[in-house]
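The exercises below are meant to be worked with the sequence and the coordinates at hand.

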Amino acid sequence: MTNFNRNQKIIISVAGSIVLIFILIFAGVIPGLRPGAKQRLKADLEFWGVFDKSDIYQSVIDQFQNIHQGVSINYRQFDPQSYENELINALAAGQGPDIFMIHNSWLPKHYDKISPLPSEKLNIAVYGDQLFPKVVKTDFTANDVIYALPLSIDTLALIYNKDIFDQSGIALAPATWLEFQNIVPKLRILDNTGKISRAAAAIGGSEKSVNRATDLLSLLMLQAGAQMTDQDFTRATFAQTLTGGFSPGLNALEFYTRFANPINFDYTWNEALHYSLDSFAESSSAMIFNYAYQLPNLKAKNPLLNLGVAPIPQNNPAKAVNYANYWGYTVSNKSPYSDLVWDFILLLTTNQNNARAYLQETKKPPALRFLINEYSNDPEIGIFAKQILTAKSWPQINDNKIETIFSDMIESVINGRQSAETALDQAEAEVSQLMMRK
């Protein structure tokens, strides 16, 4: 029998340990070290959003965490009024989220905070032609680079009081702006002094009295054919005059503000009336222009309100132009897990089952092309869904300041301080100044 010295025994012991480790690896006792097995990634991801509560996303979060078992996702809901400032401050301090939401008008001012979607994860042609409507590619891409993906797209629609329409002998909502003008006198009620006791529609006022007034004016400009900014995004151009002397922007501003001018036959609004949402809920206005997300709010204000939804009036229904308002999900360029985070966003937004579950829970219109037809006959959001494919928007360097500029422009015209042409030129110059500071 061979006798081993001390050094030989140590060598044999080490060799035996190595053999045992390999046996355990191949037996699966140490699965994380098996050849071909991935080591479990550990990451705590922060997800910031607005409007939706955490349970809305929990199913998708669970799916993702089951695939990536070392990953946890913590969702935080923010007040939309304070969300942007909190987001900017957190990102600047290096304490921001990995996943966050941006409004469809925000890309020009926040693209430098985003880690774009790698092209190998989603082709730009598939993104812009097969998955989402045109407006998404316009809003969330630049130079064929994808910066955000949406789950839902809302559009501006005509919301009307069915009872007032019936009592006024109006069977159908107006399909064109000419039809809209013609029914205003039938719906409006004036007292003996000429004071409005019931408005036909909340249109013509500034943001002080009309909710989404600047969105409606932007829509009218786009319907008239206005180019809101130049192609290089260096200046605003919505006051420009086309060949032949026609100014689409001026035409839209004059049309919008005519409804707040008492000398016009279709006069129906002034800034002294109740705020548009309250006025409509009280049946003091027959029509308003707003989004699907306002329907629950209106019903909460007046559960007995018999409201209807119709497509936004058009200049030419055969070439419809609608207006989009929505949010997208994106990745912070400060996140060390950008590839992983984009995988979560893709699972959330491009998986039909997950998107459908989100829409069913939130009662919002879809963003995926696959689901638009499915929702087009929905009794509550069908109108909004049908308008998505023809929806437009325009890039805004600062949506809050532009809203103020547009609202001030409207107010200066209806108060007689400036002509429509002067007010429009001034607003264009102010927006251009904002763009030059970017």
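**Exercise 1.** With which residue does Asp 52 form a salt bridge, and how far apart are the closest N and O atoms?

*Solution.* The model is a predicted one. In it, the partner of Asp 52 is Lys 364, and the closest N and O atoms of the two are 3.2 Å apart. Finally, consider accessibility, for which the cut-off for a buried residue is under 20% relative accessible area. Asp 52, at 5%, therefore counts as buried, whereas Lys 364, at 22%, is partly exposed.

**Exercise 2.** Determine whether Lys 208 and Glu 411, which form a salt bridge, are buried or exposed.

*Solution.* Begin with the contact itself, in which the closest N and O atoms are 2.8 Å apart. The pair links distant parts of the chain, since Lys 208 belongs to the loop between strand 9 and helix 9 and Glu 411 to helix 17, 203 residues apart. Turning to accessibility, Lys 208 has a relative accessible area of 60% and is exposed, while Glu 411, with 13%, is buried.

**Exercise 3.** Describe how strand 11 is paired and covered.

*Solution.* First, look for the pairing: strand 7 (residues 157-161) runs antiparallel to strand 11, and the two are joined over 4 bridges. Within this pairing, Asn 161 is the residue that stands opposite Leu 307.

**Exercise 4.** Characterise the second largest pocket by its volume and its lining.

*Solution.* The volume comes to about 910 Å³. There are 29 lining residues, and those closest to the centre are Pro 108, Thr 138, Thr 229, Phe 233 and Pro 395. Assigning the lining to secondary structure shows that helix 4 (107-110), helix 6 (134-140) and strand 4 (141-142) each supply at least two residues, with helix 4 giving the most, namely 3 residues. Sorted by class, the lining contains 12 nonpolar, 10 polar and 7 charged residues.

Technical notes. Residues are numbered from 1 along each chain as its sequence is written. This is a predicted model: local features need pLDDT of at least 70, side-chain atom pairs count only at pLDDT 80 or more; totals for chains, interfaces and linings use all residues. Side-chain values use heavy atoms; hydrogens and water are left out. Buried means under 20% relative accessible area, exposed over 50%, partly exposed in between (1.4 Å probe, protein chains only). Two strands pair if DSSP finds at least two bridges between them. On a 1 Å grid over the protein atoms alone, a cavity is a set of points where a 1.4 Å probe fits but cannot get out, and a pocket is an open set with protein on both sides within 12 Å along at least five of seven lines; lining residues have an atom within 4 Å of a point. Grid points are joined across faces, edges and corners, and a volume is the space filled by probe spheres set on the points. Ala, Val, Leu, Ile, Met, Phe, Trp, Tyr, Cys and Pro count as nonpolar, Asp, Glu, Lys and Arg as charged, and the others, Gly among them, as polar. A salt bridge is a side-chain nitrogen of Lys or Arg within 4 Å of a carboxyl oxygen of Asp or Glu.
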